[in-house]
Every structure is written in C-alpha cells, then in structure tokens.
Number of protein chains: 2
Amino acid sequence: VTAPTRTPAAVPLDPALVGSLEDVVGAAQVLTDPDVVASYARDWTGRFIGATQAVVRPGSVDEVAEVVARCRDQGVAIVPQGGNTGMVGGSVPLHGEVVVSLRRLAAVGPVDAAAGQLTAQAGVTLADVQAAARDAGWAYGVDLGGRDSATIGGNVATNAGGLRVLRYGDTRAQLLGVEAVLGTGDVVEHLGGLLKDNTGYALHSLLCGSEGTLGIVTAVRLRLVPPAPQRVAAILGMKDTSSAVAAALELRRTLPALSAAELMLSDGIDLVCRVTGSPPPLAGPHEAYLLVEASGTADPTGDLTTAVAALPGVEDAAVAVEPRRIDALFRYREGHTEAVNSLGVPHKLDVTLPNGVLAEMVDRLPSVVRTVAPDASVWLFGHVGDGNVHVNVTGLAPDDERVDDTVLRAVAEVGGSISAEHGIGTAKRRWLSLNRSEAELRAFAALKRALDPAGIMNPHVLVGP
Amino acid sequence: VTAPTRTPAAVPLDPALVGSLEDVVGAAQVLTDPDVVASYARDWTGRFIGATQAVVRPGSVDEVAEVVARCRDQGVAIVPQGGNTGMVGGSVPLHGEVVVSLRRLAAVGPVDAAAGQLTAQAGVTLADVQAAARDAGWAYGVDLGGRDSATIGGNVATNAGGLRVLRYGDTRAQLLGVEAVLGTGDVVEHLGGLLKDNTGYALHSLLCGSEGTLGIVTAVRLRLVPPAPQRVAAILGMKDTSSAVAAALELRRTLPALSAAELMLSDGIDLVCRVTGSPPPLAGPHEAYLLVEASGTADPTGDLTTAVAALPGVEDAAVAVEPRRIDALFRYREGHTEAVNSLGVPHKLDVTLPNGVLAEMVDRLPSVVRTVAPDASVWLFGHVGDGNVHVNVTGLAPDDERVDDTVLRAVAEVGGSISAEHGIGTAKRRWLSLNRSEAELRAFAALKRALDPAGIMNPHVLVGP
C-alpha cells in the first residue's frame, strides 16, 4: 500500500541524549553516522524511508529497559526494530524516532526438548527458531517467506501469520509468555512456559500484534508442534474460484493433515511461468489453482488423494511426494512475489475475506480496482485456507492511494479485514476505522495510555498519537 | 482453598438503584427477594457465601451496557455471573456487589458449518456449545466436568482448561473474538471470526481470563476442531510417578492423536473403588496410573498401542475401544471428585508444575502438607499431560489456610503456577504475588484502570481494589 512516507531529512543530533544512550549500551552500540543509520531508517521494500539521529543496539533486557527509561524521561519516541521485514512501515523511523534494534538479543534457550518448548530472544530469526525446534525433535508452527531475516520479536510484535496458520494457528497461538519492556520502563517476564497458568491478564497475548506500541518484546517462550516429516503436496486445476475456495474449506474439515491451502489464478500462474521460465504445472490452463499440502508422522498421501478425489470442480491434479517435487510446486506460489515485482513496485494489499464472500470477492476485486484505475493489473493469490488473499496491483503510481482506499473499503463492507497478517503500521492507519468501531478505538487508546503513558512507543503506528 | 468468605448479611436495598435497573431490564428481571437472590449469592460448593441487594438479568447486550453504565454512575460494584460453577469465589457477591447474571443471553448462532466456527451468547452452557458444534459436523476443543452448568461466558472469563488442553489448547486458543461491555460502559464487538485479522490489540485474548474485572463478555466467536469420532483409551499401571509423568510427556511427542493424559495414584484409585464400588482397573496395585486417550478420524488404536509399548515403566495396561468401556475408564478419574468429597469438604488446590519437577513434587507434596497438618490426607490427580495437578487435602478445618499457604509457596518456589485453570478469584488473591512480579501487578492494575476506570467490575477479584 502507499504509505505516508517521508522525505528522508537529517534529524538534528541531540548530543545529550546520544551521550546518555551511550552510557547505557556503550558508544559502539549507538549508531549515528548518517550512512550507517540510513539502512535502519528504510524498509526492505524501499517504500518507507525515514530518518533517525540514532540507532541503539542494546545487548540485554536491562539495557533495553534503561534505554526506554531515558527516552521516556526526555520525551523521545522509539521505533523498535527486528529484521525490518515488515510490509506496513511499522519498524522504520518515519517521524525521526530513535531506532532500538533488537538484533543483538540473539540467544536461543533454554530449550525443553521433553515438553516441546523453547525460549528465544527477540533478535533470533524465524529460521533459527525453526532450526532450534528441529534440533530438539520438534517443529515450530509458523513459517513465512521472510524466515531468514524476520526476527521472532518482530513476528510476535506483528502476530505473524504465513503458510501454516490453518494447521497450527498464528504466532499468538504459539506464544506461552514473553519478557518485555513496557513503555513505562517496567520489565515484565513470564517465560516459565506453563501450559495452564491462569494467574492474571494475558499480557503476552496483548503484546502480540501490538506492533511495538505498548512495549518492546525482548524474549519469547514458544510452544513447539510435533514434527510432521512425511509430506505430500498436490496442485489442483480447478473449474473456477468458487470451486477452489470450497475445496480449501472442505479439506480443512476432511483432511486433518492439511498443512497448506494456497489459491492461485490462471493469469498469476502464466506470469510466474513467463518470469521464472517454469513449465506450466498442469497440461491445460485452469481458471483457478489450489496448492495443497498435507503432512504428519504417517504418510498422508492416501488421505490427501482420497480427500481430493471427493472434491467437486477438480479438472486436473498433479501430486508430488518427493521433497524436490514438493518444493517445485511451492515455487509456483512463492514465485508470485518476484514475478509481480518484475512488473514494477506493486501496491500490496493483504486482506482476509469471510468464507461466504471469498470466491465472489476474488472474482470481483479486479473490476473494483478498475473503477479507479482502468489500466492497472490485479494479481490475486494467498492463503485461502484461512481466507487470506494478497491483492497485488501493478501499473499504479506509488503514492496513488485511490486503489488502496477502494479495495480496503470494499473488503470492509463485506466484513473482511483490511489487514490479515501484515498489521496496520503507519500504512493502513487511516483505514483502521473501517474495521474497528469508535468504542474499540477508545479501548485501544486506553490500553496504550496504560502501558505507555508517555506515548513514546512507536507513536505513529497502529493506534497513533 | 479457604476463601475470605463472608457471613451472609443483608445488603441494604437502594430503591433508587433498583428502580433504575428495573427501568433497563424490566421489573421481573431484577431479583431482590432475599430467598431468591441467596442462590445467586453462594457458589455451588457452598464455601463462598455472600449477599446482594439485587440480581439483574439483562436480556440483551444493550441492556448489559445500560446496567453497567448505571452502576458506574452510582459507583455500585458488579459481579458478573454465568453458571456460577467457579472454584475460587470469583462469581459471587462477597462484598455486597450487584450480581449481573448472563444466563438469559442464551442464543447460539450464527454457526458457520463450512468454516467450523460458531457464535454463542455468554449464557449458553458449554454442553450446548459442544452440541451445536456436533450438529455442524465439528467438535469444540474444550471439555470439562462442569459442562452442563458452566456457561461459555464464564469459560472465557476464566480461560477454562479441562481435559483436552494438551490437544487443542485452552479456551483462549479457541477464541476468535468477543462482544463485551467494558467497565467504561462501551460495547466492543468483533465476532466476524476471521482467522487472520491483525487490526489492533487482541482485546478478546485480554478479556479471556480476566475474571470479569475488565468487562462483561456477552458473546463469543469460537473456532471448532475437526471431529475425532474414533476413540481409544488405556489405563496404564505405572512403576512410579516419574514413569507416569515421563510417559505423558513422551506420548505428547510420539502420539499426535493423544487427547487426554490423566495421572492417578494408588491411594486415589483405592478410594474411588471403595466409594463407587468399582472393581480395580487392573489386576494388581500400581504406584501410579496414567489414563490416556487417543482420538481422530482414523482408528487410533494401533498408534496408541505402539506408542504405549515403547514406554518404560508400564507394568500393566488395559485398553478400551468401546465407548462404554472408555467411559468406565474415565470414571476412575472423574470419580476422584466425588470420592474425595465423601471424606468432607476438601481444600482444592489447582496448580501447574514445570515438567522437570512434576514427578518429584507429586511425590513430595504429601510431606509438605504434613509439615503443617500432620493428620491431613492428600489426594493428587490431574491433567498431567499439561503439568496440571489437582491437590486435594481432607481432614482440615475449612478456614485453615496454613496448608494452602504452604503448598502454594512450595509450588511457586519451583516455578509452578498457583492457578492452573481455576483462576485467582478472591480465594487466591493473597498469593498472586508468588507468581507475579511487582512490575506485572503494576501492569495489571494499569490495564484494569484503562478498561474499568471507575473500578466497578468485580473489584475484589484477581487484581483487587
């Protein structure tokens, strides 16, 4: 989406503040060189470009707490940053905030291999969490494309979703507790990992998805899931979008081993094949494609083929059992990002639609876009198993928000969410009231004031000033 | 546990308040007759006995909101009440509060059979939620003994646990959204049931487990789970507690179909057999017993017997595949409550222990109790698959808190939780600081002030005045 990006302008250096922060973390961990801080001040897409006088890299939770306390005392706003892989401008200093980078908090452990749990500091990448889970004989339930850069702290701050939500839930569902520094400067810590623990408010669940506006998550306790080493995938050529959506829903009920259900459309598949040079996944073209994966401890191939055989609207199917072939099928889906990017910087809208209108809206959204942008191209794909559709629009000026506005309003009108898994950040803040009532926004503001009374924690994100 | 029970004393009637509440809900739905309100003022165990001038029974969320607003305006405290099946004195008016009974909010629906979700008003019983899920071709992931009386609103307010947490998670894990009246009188509603929806703070997760101290949940949107009609259970005679605990943990990893893992000890089994007249579950006596259940769409018998065969410490086992035989095995576990009650009113402590110390603590707790109560009897059993042990102590005076204090301190010292699934209520409030730091308690108090600034929502529960 087109964000309220800012022209990068130098933020005047406050030597007293910088000195004070250096006292906390050491001079080497307060970055002020404009060339160095620039990489922290812009996001990976290059669409959100801000500026900061300082990037602070604390090495412990106590240092994070002291940094927050000193910023609070001086009324200086903070943007917490992990891998800086966000999509909505939530982790870059668009208003000159001090950046608190959590990447030095990169320890994994303790790991409880017997119980299937682990603790990781906020700066550990998702891929490293997944690896630590594997090493312990388990798996981590969340997976997404940014796994090598995205940090677990950022995953928690944004309640990251991805490919496996329909099987294992979102990040919040994996989260047993956190250590965090609240906007008050207080450190809260509840990392014991007890599965049943009703001793107060679910602070960890509240912080998850709060996008750095209530505090800074410094460590997390995660539940792991049993490994599912036996995998099978199939790409289904579907008669139409309705059949594909209905099939995904049906498989959620009839195939407990289902671990992914991804929708693609014929024009997206064509584009991916053209850009990547891949052959078509099936012999003939089909209006819609459903990529499904099942996994478990036992070979799920029989269950998957039985379940697929019972689905209406399947015109053709290819089943993959070898990992290499499975990966090849997933490249059709994951290749969409690269293929769409090859056409220019897309407007990336990430929405969830209610099941009852999902197919109809997928069919209708291109014409919705064309009401305001007749020459734009619309690319639709996504985690249809949980109603999540990525709406990519190319052929628009980067700062043209008319399409975003039109699409998000259309989505909200049918009861959909304007953010499925990317969050609100700064980019979608002007549309939050499409999904949330004044009463809810008042409650959010009250919670924000409760845990961040000075209003220094990511003040331009989500709730806003 | 021994609670700060109050001698029931008449609460002076405030005719202006009663009249005002009658204006909202109708005279017939404001109960003031002392004989009638008495049943709302005491809990089902008979241990928590309070008094109230009025029980208000609103018939809609708008009526709930107006009741809250009028109580707030007059500074009158409220205790929300569902099925009144709580264990910790959280739903009875121990300080003369007005009781707001949610039982008239008893509608189920809409149900989305395709997606596996349903909406239920707060006053629907857990059993009726389970039945509605079954009717839609799904199952509800939470089950517990109080199912026929406990309401789903109370389940959410206390984040209810029960038998299936190790398989499907706690109530919070089932909760996609709520409609609620906050302490401010504001109505918040987010019942769309979108699986991916990152548009603000997780109010529903925060309200879940807040024990009526932030607001009143009036309706909930729940995710359902695929039905698991094929069941098998086994009772394992184990060499000792350690083997039983280790076996439960191992099964969680090796048997994905595991749906219950309950620990019992030889003295508890003997007592159950004596009180209920049942024959012993296995030929010989065993120091510990593990009751395990597996369920799924495919017959899990083979998987269960294979997994059990690989466990060390199994001295004997009986497998049940017929529903009647499975129920008979579960009666050994569920019979513990009745059997222990037959010895007198027990002190019921509900704790979670970290896996690493679980077996040791189960062995040690009887001697911990005897340090302060040499003649007491200790009965230990519980959902050991998630570390949850119910510590029942008989042979104590009802108001003797020394045992409670000693046990809860011992549990907290090893990193355990003083409340696994019952919550804090009024009964355990004096011990909450064993589990929660001053920083956490400050955060809880700030959240309480944010959503209940007048301090009228269950003010003597959990956070406290």
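## Interface and symmetry

The two copies meet through the same surface, because 100% of the interface residues of chain A are also interface residues in chain B, a contact being heavy atoms within 4.5 Å. Chain A is superposed on chain B by a rotation of 180 degrees with 0.0 Å of shift along its axis, at an RMSD of 0.0 Å. That is the relation of a two-fold axis.

## Basis of the model

This is a predicted model, in which local features need pLDDT of at least 70 and side-chain atom pairs count only at pLDDT 80 or more, whereas totals for chains, interfaces and linings use all residues. Residues are numbered from 1 along each chain as its sequence is written, chains are lettered from A in the order in which they are written, and side-chain values use heavy atoms, without hydrogens and water.

## Helix H12 of chain B

Helix H12 of chain B (residues 323-341) has 19 residues and reaches 27 Å from its first C-alpha to its last, close to the 27 Å expected at 1.5 Å a residue. Helices are DSSP runs of H or I with at least four residues, strands runs of E with at least two. H12(B) bends by about 40 degrees at Gly335(B), a residue that is also buried (under 20% relative accessible area, 1.4 Å probe, protein chains only).

## Helix H9 of chain B

Helix H9 of chain B covers residues 241-254. Its buried residues, including Val245(B) and Leu249(B), pack against elements of chain B, among them strand S10 (230-238) and helix H13 (355-372).

Note on methods:
Expected span 1.5 Å × (residues − 1). Bend = angle between axes of the 7 residues up to and from the residue. Buried < 20%, exposed > 50% of the residue type's maximum accessible area, 1.4 Å probe, protein only. Least-squares fit on C-alpha atoms with pLDDT ≥ 70 in both.
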